[in-house]
Amino acid sequence: MGSRIVAGPGTPPLVGRAEELDALLTAALSPPAVLVLEGEAGVGKTRLVTELLAAPRLAGHRMLTGRCRASREPFPYGVVLEALLGAAARLPATARHSPLLGVLGGHLPELAAHLPAPPAPLGDPRAQTHRFFRAVRELLDLLGPLVLVVEDLQWADDHSRRLLRFLLDDLPARTVLLLTHRPEDSPGGLPLGRAFRPGPGGTSLRVRLGPLEVAEVGRLAAGLLGLPEVPAALAARLHDRTAGLPQVVVAVLGAPAGHHRSTPGRGGVVQGGTGQGGTGQGGVPPSDELTARRLLETTPLPPVLLESTAERLAGLPLAARRVTEAAAVLAEPAPAHLLSAVAGLAPAQGRRALSTALERAALVEVADCRYACRHELARQAVYATVPGPRRQELHRRAVAALLGERPEPWARLAEQSRLAGDHAGYLRYGEAAADRAIGTGDPTTAIRLLQALLRSPEAGTGEGGGARPGPDRLGAEDVDRLAAKLGAVAFTGVAQREVLPLLTGLLAGDRLSAPRAAELRLSLGLLLIRQADGLEAARVEIELALTGLAHRPDLVGLGMAVLAQPYLGASPLDAHLPWLHRVDALIGATDDPRLRLTLAANNIASRLHTGDPGAWEVADGLPVEAGTPEELRQLARLYCNAADAGAWTGHHRRARGLLQRGLRLAADAGAPYVLSTARATAVHLDWLTGQWAGLEQRADELLAEYRELLPVASELELVLGLLAASRGAWDRAAAHFAATGVHQPDNAVTPVAIAAHAGLVGLLLAQDADRAAAEEAGRGLRLLRAKGVWAWAGELVPAAAEAFCRTGRAASALRLIAELDRESAALAAPTSRAALARARGVVAAHDGDPATAASWFDRAGALYERLPAPYPAALAAERAARCRLDLGDPGAPAVLGELADRFVELGAPRDAARCRHAFRATGSPAPSRRGRRGYGDRLSPREHDVARLLVDGHTNREIAEALFLSVRTVEQHVVNVLRKLKVGSRTEVTSVPEPAAEAG
């Protein structure tokens, strides 16, 4: 049975309850019916009841509602009498004809004018009560069809429970009785004081509401924010903090702007309030997990949650409340003995108190014999009710109790010490936790811990640095030591932008010794080199650091190896070569295997990028294992860096093997930054080798995760731009190319920028903007020539030759070809050699020599296949087929048809459409498509191509141009797309399902 979800102004959307709503509605339409709706506080019982009462199919029913109150002395029959008050204006005239109803006048004086006179007293209290019960039942019968709702039955008085049990035994024929309650607060879990036993002959239903799933929380959040969807990271984090309870989600997302309150997160006290209305109405949800975490952790506690928590705690026995407070202070699931110790209770007393807290749902068992508050916001709310002095004492007890745990939970001890006001303990345990994280290959945790220590008031070093230590502040030696550890580990994690202000502040002050300042400055340079707009500043910092690192020749080598990298910025190769030579000499001179691997990880990749043939001999002899965890991390970096260089220069098979080994080593070493660069390289390799299935989604997800890391993000933006261009989504492609740093070569990854120039040239040529394409080619070539690394020319040169030929500059194209031939002849750069043949084919075709052009395109295609690089190979084959078409070759049309299928398999619909268009123009008969499938309600491949362009906002004419179709054909496809996606307009097409397989 279907249901209609309704919501009035200000009402949160109903999510994830359609099945329960249908069940309740079905039962309500078969009276007499007793419906019991149960679930914990905040799970959405009232919201579901509201939806049920608004159902159109119940429009002819009278609705009476009563709500029990959490009062210590509830009024006898209070909830039932409250509900019956709503009958005053609805009593039928026949009510005055029933003498029995007169009994109700004394209980409900508001109804007395509509009732007969009260009968004489019976003199027997039990008989009097029975007559009152019968009168209530008769009134309900007269009011039918009726839905009587009694909410929060767990707080009902005993008299009301007795009356409801009487009604259950013989409910009026046209009455629906709907009861809601919280099992955790119902006496013995029985809201009516006994097991649920409806009378015979009626309908009964018991519905238990559970928390929402992650996806449902995401839909609820989207509805509250007025958005089509929210990022998965926000939904997951919101679910984690609210345990999927709809009322808590609504309270969090409805938190008022600018409201600040100190609320402890898992990592300590976080200042609440965002100044932007949190994630409230009109806000833009975060696009990554880190931002989502920050945003939700700084959202103030909803007042309704604070009030309900205080109410629940007030109803607990003192010992159970103490155990609950201990759970809030410990902040992580804890066993009974730990909770008892922090609460200050003897073990037996603590176990009894814990059992009570569990029965009352103040705590839950989240793992075997480990207990915690229901969800993170509930924990914060309990914590906020504990007075400051007592809270500090509880933290001191937590430190004492946790010291007995093995292995020592150093990070928890540090946090508990900080909150207890023990500054020395905070430093001691926090540094121990950071050391453990470094030793176990967890740089992200180490960075977070060291940052917290150095940023704490006790450190005396805010972002501005320079503060002097007070009685409880860190001394200069402590700051020096912690800063050294932070500098050493900072560039091995992925959350690097956060560290920059702290390092800058430390260097701006005078707390660091000169040697430590030089080390930290080198770390700052290494971090800056990975940030957008940071390359020039990075070089300055590294060169300045080298002057003060005489005491650390290993760090001198690391700095030189970074300055030797040719793929960063626009500095010419000649500026990098001296550094390359000096690092080579240091590699040969050192007997430190860690330093040798560290420097080789940079220098071997740098030489591979330049197309140095000898570097591949070295790469082929790399070791397959390392002795220490740090050596393993550097070996992983060496393999992954070499794979990246191989991808850029055309050694695709070698690159794949190096990358697979590097990924395994990086995972074993726990090297998150190495993994991030390797994952970007894998995306790039998949683009190059034609493995495009799911590639766009994977690149998007990685970009959301690593947006702040320049080398990773720019490579992902490039691949996304190339994918968009292959599908005719020109505006989206141009935006991705612009995001690579293509227009800021001094602060870009150079091969990415050169390839982005090539992508923009191809984009402009596809739109017949030939002059603009030639100008863009000129900009790319200026960067290529200034850098002097012709191993990266493979993408740009064929596109530039095409643009020059189209604008009457064939001589410039020939000079460019000669230049590439000369500069790449001795290089180990297969892509450049394949590009050379392709560019020669372009010029020959322009010169009107289709036979020579076809020969060059054939050669280019064979070279690309050898890499393998199936997309440019197919493009070269298409150009060869067109040349043979000009020569009158009868087999050329069939080749174009085959290439259309090849482009479809790759995922390049625009190229496939171009080949089909050329095939149709020859007038050749279409190949037989026996067994061609029907797609039913799924999009056909062509409809899928159209739908993708609709998502990008293209008009029908633009779609027709991109796919080489008539506007009328596109109009027909658009109609089919809207019908199959079940949307009313093209603007509602916001995403596209995976395409159906093309018929063979």
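This is a predicted model: local features need pLDDT of at least 70, side-chain atom pairs count only at pLDDT 80 or more; totals for chains, interfaces and linings use all residues.
1. The largest nonpolar core has 223 residues. Leu-339, Trp-687 and Phe-903 are the residues with the most contacts inside it. Helix α27, residues 629-649, gives the most to this core, contributing 11 residues. Apart from this core lies another, of 40 residues, which includes Leu-21, Leu-212, Ala-221 and Leu-224.

2. Leaving aside residues up to four places away in sequence, Trp-687 touches Trp-692, Leu-695, Val-719, Leu-722, Leu-723 and Tyr-871.

3. Helix α17 (residues 423-439) packs against helix α18 (residues 443-455) at an angle of about 160°, and their axes are 8 Å apart. Angles over 145 degrees count as roughly antiparallel, so α17 and α18 are roughly antiparallel to each other. Their crossing is left-handed.

4. On the α17 side, the contact is made by Tyr-426, Leu-427, Gly-430, Glu-431, Ala-433, Ala-434, Ala-437 and Ile-438. From α18 come Thr-445, Ala-446, Leu-449, Leu-450, Ala-452 and Leu-453. The residues of this contact between α17 and α18 divide into 11 nonpolar, 2 polar and 1 charged.

5. Asp-480 sits in helix α19, residues 476-490. Asp-480 counts as buried because its relative accessibility is 12%, and the cut-off for buried is under 20%.

6. Not counting residues up to four places away in sequence, Asp-480 touches Arg-511, Leu-512, Ser-513 and Arg-516. For Asp-480 and Ser-513, which are 33 residues apart along the chain, the C-alpha atoms are separated by 6.9 Å.

Notes. Residues are numbered from 1 along each chain as its sequence is written. Side-chain values use heavy atoms; hydrogens and water are left out. A nonpolar core is a set of buried Ala, Val, Leu, Ile, Met, Phe, Trp, Tyr and Cys residues joined through side-chain atoms within 4.5 Å. Buried means under 20% relative accessible area, exposed over 50%, partly exposed in between (1.4 Å probe, protein chains only). Helices (H or I, at least four residues) and strands (E, at least two) are DSSP runs, numbered from the N terminus. Contact means heavy atoms within 4.5 Å. Axes are lines fitted to C-alpha atoms, for helices over the stretch in contact, and angles run from 0 to 180 degrees between N-to-C directions. Angles under 35 degrees count as roughly parallel, over 145 as roughly antiparallel, 65 to 115 as roughly perpendicular and the rest as oblique. A crossing is left-handed if the near helix is turned anticlockwise from the far one by less than a right angle, and right-handed if clockwise. Ala, Val, Leu, Ile, Met, Phe, Trp, Tyr, Cys and Pro count as nonpolar, Asp, Glu, Lys and Arg as charged, and the others, Gly among them, as polar.
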